Amino acid sequence: MKTEKLEAKEARFLSIEDQLSDPSVIANQTKWRALSKEHAELSEIVQKFREYKEANKRCQDLKDILGDNDMKELHDLAKEELKEATEEIVCLEKEIRVLLIPKDPNDNRNVILEIRAGTGGDEAALFAADLIKMYLKFAESRGWKTSIADSSETDLGGFKEVTCLIDGQNAYSLLKFESGVHRVQRVPETESSGRVHTSAVTVAVLPEAQDVDVDIDMKDLRIDVYRASGAGGQHINKTSSAIRITHIPTGTVVTCQNERDQRQNKEKALQILRSRLYLEALQKEVEKTAADRKGQVGSGDRSERIRTYNFPQGRVTDHRVHVTLYQLDDFLNGHMEPILHRLIEADLAQRMGNEDE
């Protein structure tokens, strides 16, 4: 394994350690925090590189023993230890290769989840409600915080669309592969003949943008205030708390009505707008650099059919990694890990292959 990159990272790691103890850097908290973050990001790969170098040194020492006829009594033991050290080197090389792959800078961000009913009318709206419950249960199982920012309910208890904010460690890294078309096949409750219907729901997962990511000029916004509608108690139709923000340059429209306070709705609407504009900018950059390769697991293409939920057969199938589970009820109850982990593994393998090209 070539070690030039690793040696450069270790040198940078040592340089940062020196800087972090420099009084002038400590006095500059912005610089100190940036260096501390970089130091933490480098620490794991530097530690693995040091273990790799130690294992290689141990291998060489054992080979020297095996080549020394005056130490024949140690040869059997040295052969066994050499085998173990060689296996350790192979494992460390694999781990280091993974660590060398550039990380998605958005992986540790919170998520804005948008679900919209597609083809299928009321049945699609009902399945949109099933999906938001699934994601809320998954988030709860991981200790993440969630809040519904906006929703449009149907008379049957479904959602034409719903927007949820998810605040949790590495939320985007786990949920980013959920963007796309989710197809459901089942017999609607309103279907007297028992025929299986196919409906579709669109899911979009946005990394939460920070103020520094997107500069929004308030002059470019049209903000409308109106009375909220739907569930929420008696206040919902008595106060003008709902917010609609239109970003005039792009035509992007965001609504938020689930908070009782107009100010809170405005803050959430701006948060969602900022994230939409941030994702749009990221996608343009991807197209510009041609980094988004055809067939990529995490393409985030909202028009791509990514998963099918078949109720008569009790199965869920992810079409990108060709995985089928006959545990549909468990999956819809938030136990999504079996497929999410396969998606993460496939994405990692693909990026490792891209690095080798």
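Glutamine 185 has asparagine 310 in β9 as its bridge partner. Strand β4 (residues 180–186) runs parallel to strand β9 (residues 305–310), and 5 bridges join them. This is a predicted model, in which local features need pLDDT of at least 70, side-chain atom pairs count only at pLDDT 80 or more, and totals for chains, interfaces and linings use all residues. Residues are numbered from 1 along each chain as its sequence is written, and side-chain values use heavy atoms, with hydrogens and water left out.

**The sheet of 8 strands**

- β4 and β9 belong to an open sheet of 8 strands with mixed pairing, in the order β2-β3-β1-β5-β4-β9-β10-β11. Strands (E, at least two residues) and helices (H or I, at least four) are DSSP runs, numbered from the N terminus; two strands pair if DSSP finds at least two bridges between them.
- At the edges stand β2 (145–153) and β11, each of which pairs on one side only.
- From one strand to the next the twist averages 15°. The axes are lines fitted to C-alpha atoms, for helices over the stretch in contact, and angles run from 0 to 180 degrees between N-to-C directions.

**The sheet of 3 strands**

- Another open sheet has 3 strands in the order β6-β7-β8, with antiparallel pairing.
- β6 (221–226) and β8 (252–256) each have a single partner strand, so one side of each has no neighbour in the sheet.
- β6 is joined to β7 (residues 242–247) by 6 bridges; leucine 221 has histidine 247 in β7 as its bridge partner.

**Nonpolar cores**

- A nonpolar core is a set of buried Ala, Val, Leu, Ile, Met, Phe, Trp, Tyr and Cys residues joined through side-chain atoms within 4.5 Å. Buried means under 20% relative accessible area, exposed over 50%, and partly exposed in between (1.4 Å probe, protein chains only).
- The largest core has 38 residues, of which Leu113, Ile115, Leu131, Tyr135, Ile166 and Tyr309 touch the most other members.
- α5 gives the most to this core, with 9 residues.
- Beyond its neighbours within four places in sequence, leucine 131 is in contact (heavy atoms within 4.5 Å) with Ile115, His182, Val201, Val203 and Tyr309.

**Confidence**

- The mean pLDDT (the predictor's confidence in each residue, from 0 to 100) is 87, and 89% of residues reach 70 or more.
- Over residues 231–237 pLDDT stays under 50, and the model has 12 contacts for them beyond four places in sequence.
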